[in-house]
Amino acid sequence: MIEVLVIGGGHAGVEAAAAAARVGVDVTLMTQDRHALARLSCNPAMGGTAKGQLIKEIDALGGVMPLATDLSAIQYRMLNRSKGPAVWSPRAQVDRDLYTTELTRLIHDRYPDMAILEDEAVAIKKNDDGSFVVSGKSGSIVQASKVIVCSGTFLGGLVHIGRRHWESGRYIEEASTELTNSLEKLGFPIRRFKTGTPPRIIRDTIDFSRLERQDGDEDLWFFSHESTERVLPQYPCWRAYSSPETHALVAGNLEDSPLFNGTIKSIGPRYCPSFEDKIVRFPDRDRHPLILEPEGLDDNWYYLNGFSSSLPEEVQLAAIRTVPGLEEIRFGRPGYAIEYDMVPPEELKRTLETRRIPGLYLAGQINGTSGYEEAGVQGLVAGANAALTFRKQPMLTLGREDSYTGVLIDDLLTTHPDEPYRMFTSRAEFRLLLRQDNADERLGEKAFAAGLISEERIEGIRKRVSDRDAWVDMLRTLNIARGQILENDPEPERVEKAYHLVKRPDVTLAMVLDQVNGESASLSSEPSVLRAVEIEIVYQGYLDRQRREVERLRAQENRSIPPYLDFNTLPGLSAEARGKLLKHQPETIGQASRLAGVTPSDIALILVALKKLEKENV
């Protein structure tokens, strides 16, 4: 009997299997195609607003997505640079095929003992001893102590293009049609969600001279702590705009759109709408931006970001040909919508183990999320926790105050999303503390305690944090004459602390460092450390305020609600609150407080009940 079986080889499945292997258990990854690990089914890009923070957190927890991204990146862009560092978000265009190739190589090289079983899971049965039997379509039978389901869009997948539809998990890849029935037999409710993808356009048919060129960043930064240089040539993206003719053509063919003619009844992502949705929701707009993203170095396709559609292929083609610069384009593949099965996330614990079936975990789009990055962090958490049960160690649980991953999981468990969930920086209350540049600092100790990163790695993290703090302390004591830094200063001889000079809007840390002599000889001068120093100084007031807020909330946020507290026995709870509490079974006061319909007075009643239980158990 194997210890952990992971079903599905997408981003969630790969990170789940890799995390369990790092913890040190016997892992088998069951996937329909061993050559399609973490295949990029939608856009050829990783990261973006808040999603880039998630990849940095995967890196802090030892995952494989960040390094695979760097090894296949053909453009880097740090989004939101014009704003504060709280919302800076790294994004990279990648070579679609090379990403899967590099990730597969990393899995084979770093986890040679991980078995990959090429089969489709069709049934999961629970044994009397708590273990599982998983049946494969080809007749394989796997016995496992723990099972993690990472089915992506394959679970009951149904593709739509106009009035055509067929069962598929990704365009023409076979869907998983039997596993849903097995999950229903285990008692899980099933819902349908929907997502979509734009057309792929043949490069040779695009008139680039009429498009706006969009280059990446020249300064070097990476997703993985292991990366030191860009390994591939850097390619531009291109911006185009739809026209009134585009909108009129799409609006005139809505009766052939499965989203509007009743064919699709499931719910799609509000923040990643189809082009048809944009036309209906924003009738006053005369144009929408479209970004042409290269699929790879030697690939002849471009991904048309911004034109997700399930209209008939001929309508999509005619509409896009009204866009300046795209009048002669041909398709490599049309856009399409896909419906799939998911399990409502109130079925989950914070560890991503299901409440209904101990030992069974769910991760990725089956939990109602969208996106490679959201799937990857869930897989990592589920894989780590499934493995940690064998080590008799504390579970890996992340909070809203220490990670975007914690925000994502908490939102899933408490807000009951009625559409595919996508991460945004606005979802994080403490986003200045949860920056993309300090993921190692925030999560390194938890990762090390869980066995997800090495002792060498955590020592490196501790050294960078120590150097940052030492820099800040040194600059608090270092005296510098204003005239050494500021030209034409009215008081050039006036001496100030370097720390206070860095706070000035017209002074940078680099300007101050030019005046530092031997005081910093023993400290790291890595750009990442110096950026952290500058952020710590410039935003000190805001950072201290958020840290105080975290400390005030932490005591109540993490106060446990024991599973034996019966909400039915608490007098005074509103009917709505009682129903939500019974449905979601929150594990902490913080989770309970974020449930829609649960008021502060309801929380006060729960706190009274907890105090009473504590006295009874003394």
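Trainee: At what angle do the axes of helix H9 and H10 cross?
Mentor: They cross at roughly 90 degrees, and the axes come within 10 Å. Helix H9 covers residues 372-391, and helix H10 covers residues 404-415. Keep in mind that this is a predicted model.

Trainee: So what do we call H9 and H10 relative to each other?
Mentor: Angles of 65 to 115 degrees count as roughly perpendicular, so H9 and H10 are roughly perpendicular to each other.

Trainee: Which residues meet there?
Mentor: From H9 there are Glu374, Val377, Gln378 and Val381. They meet Thr405, Leu408, Ile409 and Leu412 in H10. The residues of this contact divide into five nonpolar, two polar and one charged.

Trainee: Changing topic. How many cavities of 30 Å³ or more are there?
Mentor: The structure holds one.

Trainee: How does anyone find empty space in a protein?
Mentor: A probe the size of a water molecule is rolled over the atoms, and that shows where empty space is left.

Trainee: What lines the largest cavity?
Mentor: It is lined by 15 residues. Arg350, Leu398, Gly399, Asp410 and Gln591 lie nearest its centre.

Trainee: Which helix gives the largest share of the lining?
Mentor: Helix H10, with three residues. That is the helix whose axis crosses that of H9.

Trainee: And how do the lining residues divide into nonpolar, polar and charged?
Mentor: Four are nonpolar, six are polar and five are charged.

Trainee: On to the sheets. What is the strand order in the open sheet of three strands?
Mentor: The order is S3-S5-S4, and the pairing is antiparallel.

Trainee: Which strands stand at the edges?
Mentor: Strand S3 (45-47) and strand S4 (73-79). Each has a single partner strand, so one side of each is left without a neighbour in the sheet. From one strand to the next, the twist averages 20 degrees.

Trainee: What holds strands of a sheet together in general?
Mentor: Strands of a sheet pair through backbone hydrogen bonds, either parallel or antiparallel.

Trainee: Over how many bridges do S3 and S5 pair?
Mentor: Three, in the antiparallel sense, with S5 running over residues 89-94. In one of the bridges, Gly47 has Arg91 in S5 as its partner. Helix H3 (residues 65-72) packs on this sheet and touches S3, S4 and S5. The direction of H3 makes about 115 degrees with that of S4.

Trainee: What about the sheet that six strands form?
Mentor: That one is open too, with antiparallel pairing and the order S14-S15-S16-S17-S13-S18. Its edge strands are S14 (212-214) and S18 (331-333), each pairing on one side only. Here the twist averages 35 degrees from one strand to the next.

Trainee: Which residue stands opposite Arg239?
Mentor: Ile291 in S16. Strands S15 (residues 237-241) and S16 (residues 289-294) pair over four bridges in the antiparallel sense.

Trainee: Which helix packs on that sheet?
Mentor: Helix H8 (residues 313-320), touching S13, S17 and S18. Its direction makes about 135 degrees with that of S18.

Trainee: Last one. Where is Glu576, and what is it in contact with beyond its neighbours within four places in sequence?
Mentor: Glu576 is in helix H18 (residues 575-584). Leaving those neighbours aside, Glu576 is in contact with Ala596 and Gly597. Thr599 is 23 residues from Glu576 along the chain, and their C-alpha atoms are separated by 9.8 Å.

Key
Residues numbered from 1 in each chain as written. Predicted model: local features only at pLDDT ≥ 70, side-chain atom pairs only at ≥ 80, totals over all residues. Heavy atoms only, no water. 1 Å grid on protein atoms, 1.4 Å probe; cavity = no way out; pocket = protein on both sides within 12 Å on 5 of 7 lines; lining within 4 Å. Points joined across faces, edges and corners; volume = space filled by probe spheres on them. Helix = DSSP H or I, 4+ residues; strand = E, 2+ residues; numbered from the N terminus. Nonpolar A, V, L, I, M, F, W, Y, C, P; charged D, E, K, R; others polar. Axes fitted to C-alpha atoms, helices over the stretch in contact; angles between N-to-C directions. Parallel < 35°, antiparallel > 145°, perpendicular 65-115°, else oblique. Contact = heavy atoms within 4.5 Å. Pairing = 2+ DSSP bridges.
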